[in-house]
Amino acid sequence: MLATIPTLFGVTSISYFLIWVTAGDIVPGVEINPYIKQEDIDRIRHNLGLDQPFWLQYLNWLGLPNLAQQLHLIGGTWPKGILEGDFGRSLVDGSPVIDHIVERLPNTLELTTTAILIGVLLAIPLGVTGALRRGSKIDHALTAMSVAGVAVPSFWLALILVLVFSVQLRAWGLPALPSSGAYSPLVGFDPLDRLSHLVLPALVLSFGYLAIWSRFGRSSMLEVLSQDYVRTARAKGMSERRVVYIHALRNAVIPLVTLIGLELPALVSGGAVVEIVFGWPGIGRFALDRAFGHDYTAVMGIVTFAAILVVLGNLLADILYAILDPRVRYT
Amino acid sequence: MIDPAAVEVALPRTDVAGTAFRPAQSYWSESWERLRANRVGMAAGGLVLLMVAIAAAAPLLAAYVVHHNPFGIDLYATFSPPSGAHWLGTDEDGRDTLIRLVYGAQVTLTVAFLSVTVSLLVGGTVGLIAGFYGGWLDNVLMRFVDILLSIPAIYLLILLTILQPKIGPVQLSTSDPRSLAVIIAIVSWGGLSRLVRGEVLTIKNRDFMLAARSIGASDLRLVLRHLLPNVLAVMIVAASLNVGAIIITESILDFIGLGIQPPTASWGNMLTNAQTYFYHSVWLVVLPGALIFITVLAMNLFGNALRDAFDPRLKS
């Protein structure tokens, strides 16, 4: 668990190094302006801290010197950094990157949690059905679906669903689902409107989860059904329904919970592609827009933010396993 | 003292004439036999081979079969539906869809197989070294992999494709399939190295390793001659299962405009403007994606078949 701290340092230093080697000491637009004197450039570079050595720039970016100064360990004035929630400013509009992230994070979480919920709620019954009717036509159909589900590119599935549910339904004069965005701009806040925008992106995103989880749920259920305690329960004359739903299901779900826990880090980044296709105003869409605008610092901030959340998500998942399953212990 | 004659009597007779016994078979030929018996896997593998053959024969197909080239613009025939002249119709510039799909296969398959090779080389080497030497080296390498895997792949890819960093003398740029393959490999070797390391850890303390070491084999010989052949099967299976994921990753990058740039055709960038074709040219939306889907599906099925063949215990 202590390994989390060096990992966080590593993630931030890699991010910082990447931006430093490519656009590190450039003040954008200043060098090419012939009316700016060299001393002005030097002053701007000094004010931005670009004349300092790489390691000090990195520590500043983290915000360590400022923290140390707040604790009266060192003197001087230092900029705030990531440790204090300052992810830098956008190269394009100069606004703090963290503001953009905070603004878009709820949209991203809305999409990913809905998708994971749909995935779980459908995967368990489908997996159980497959296991109980092993070898039947339904089982084969479910298996085929999950094999196909892993192979289908999510952005293409999105296009096809839009083609069917937005374009064709409208062409036939039926009520259609909106194909992009998170809400209709002129409607204002309307839960139904938001929900209708959520349906397609959430379905596409949940399809990938569904393919994996239903398969896993099936094999987990099959394994449990062959256990001794299930045989005991049957032998003492318990009804089949009770055996399946009380004894077997509960135990079969435990490994699935750990698998779903693995998706915890993906809450922030997992939906990026779907966000991009559907124009969903989340973090992934924002990162791509800024990437095309050559707004390096903004992309940097998002990458760092997402990576930190992944590391923390992994940590949280580990802790959850330890609570759920007392056999898991850390040395 | 044991009387040899008594032992002779006590032991069961081993030289029974006419016993049907199987000649010793190598692990690889045994696996090949299991693979050959798997009809779905062989069909999937055949389909992949067919795709590779079509992609390799793209210039021949363009010259002698389709009679179009992938950049041939014909503004009199934009968005023409499938016909005798254009078997799969044309796109917004009147370019022939079929030949662009064929050339797109070339790009996609090149990126996929090259990328998987690079990540196998890097991931395999790191995994072998980390697992074999252990200690601080293992710690440093595996922490680095942890860090790499913590950065969400899609964001790392966006970052690498816009920054286009220089690695040594090689300038990465997304206009070139080989560069794109390297960029994708940078993101995907981590998982492979973990897998190889884990496998090495289970093998390196086996008796045959100890035996080789005790007769004075060098580290290099131990790794290449004794360790590598034993983890090779795991590496091949993991790599073949990775190809599908890499094809999807590559097409996502092309689709969002960060990968292979037009006018070079790839299955991903043929879908970039797909949303505008919905109302008149549905085939332009369906075909490239369907090809990605079929190729990935075939590759995954073939990978599963390989896994079952190499390690029947893992059969699901």
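**Figure 1. Buried residues of helix H6 of chain A in the predicted model.** In this predicted model, the buried residues of H6(A) are Leu142(A), Ser146(A) and Ala151(A). The cover over these residues includes helix H5 (97-132) and helix H8 (191-225) of chain A, and also H10 and H11 of chain B. H6(A) has 15 residues, which at 1.5 Å a residue should span 21 Å; the C-alpha atoms at its ends are 21 Å apart, so the two values agree.

**Figure 2. Packing of H6(A) on H11(B).** Two packed helices are described by the angle between their axes and the distance between the axes. For H6 (residues 137-151) of chain A and H11(B), the angle is about 115° and the axes are 8 Å apart. The crossing of H6(A) past H11(B) is right-handed. On the H6(A) side the contact is made by Ala148(A), Val150(A) and Ala151(A), and on the H11(B) side by Phe293(B), Val296(B), Leu297(B) and Asn300(B). Six of the residues in this contact are nonpolar and one is polar, with no charged residues. Ala151(A), one of the contact residues, is also among the buried residues of H6(A).

**Figure 3. The side of chain B that touches chain A.** The contact between the chains takes 34 residues from chain A and 32 residues from chain B. Four helices of chain B each supply at least two residues of this side: H6 (135-150), H7 (153-163), H10 (219-256) and H11 (282-310). The largest share, eight residues, comes from H11(B). By class, the chain B side has 24 nonpolar, six polar and two charged residues. The model scores are ipTM 0.81 and pTM 0.84.

**Figure 4. Packing of H6(B) on H8(B).** Within chain B, the axes of H6(B) and H8 (residues 177-203) come within 9 Å and cross at roughly 145°. H6(B) passes H8(B) in a left-handed crossing. H6(B) contributes Met142(B), Val145(B), Leu148(B) and Leu149(B) to the contact, and H8(B) contributes Gly190(B), Gly191(B), Ser193(B), Arg194(B) and Arg197(B). The contact of H6(B) with H8(B) has four nonpolar, three polar and two charged residues. H6(B) is also one of the helices that supply residues to the side of chain B that touches chain A.

**Figure 5. The cis peptide bond at Pro263(B).** Most residues other than glycine have a negative phi, and most peptide bonds are trans. The bond from Pro262(B) to Pro263(B) is cis, with omega near 10°. Pro263(B) is placed in the loop between H10 and H11 of chain B. Both of these helices supply residues to the side of chain B that touches chain A.

**Figure 6. Helix H9 of chain A and the glycine that follows.** H9(A) (residues 228-235) has eight residues, of which the number buried is zero, so the helix lies largely in the open. Gly237(A) follows H9(A) and has a positive phi, near 85°.

**Figure 7. Pro125(A) in helix H5 of chain A.** Pro125(A) is placed in helix H5 of chain A. With 11 other C-beta atoms within 10 Å, Pro125(A) is exposed, because a residue counts as exposed at 12 or fewer. The C-alpha atoms of Pro125(A) and Asp295(A) are separated by 45 Å, and the two residues are 170 residues apart along the chain.

**Figure 8. Elements and confidence of the two chains.** Chain A has 14 helices and zero strands, whereas chain B has eleven helices and two strands. From the N terminus, the elements of chain B run α-α-α-α-α-α-α-β-β-α-α-α-α. Buried residues make up 34% of the 331 residues in chain A and 42% of the 316 residues in chain B. Chain A has a mean pLDDT of 79, and 88% of its residues score at least 70. In chain B the mean is 83, and 90% of residues reach 70 or more. Where pLDDT is low, the predicted coordinates should not be read in detail.

Methods: Residues numbered from 1 in each chain as written. Chains lettered and ligands numbered in written order. Predicted model: local features only at pLDDT ≥ 70, side-chain atom pairs only at ≥ 80, totals over all residues. Contact = placed C-beta atoms within 7 Å. Nonpolar A, V, L, I, M, F, W, Y, C, P; charged D, E, K, R; others polar. Axes fitted to C-alpha atoms, helices over the stretch in contact; angles between N-to-C directions. Left-handed = near helix turned anticlockwise from the far one by under 90°. pLDDT = per-residue confidence, 0-100. Buried ≥ 20, exposed ≤ 12 C-beta atoms within 10 Å, placed from the backbone. Expected span 1.5 Å × (residues − 1).
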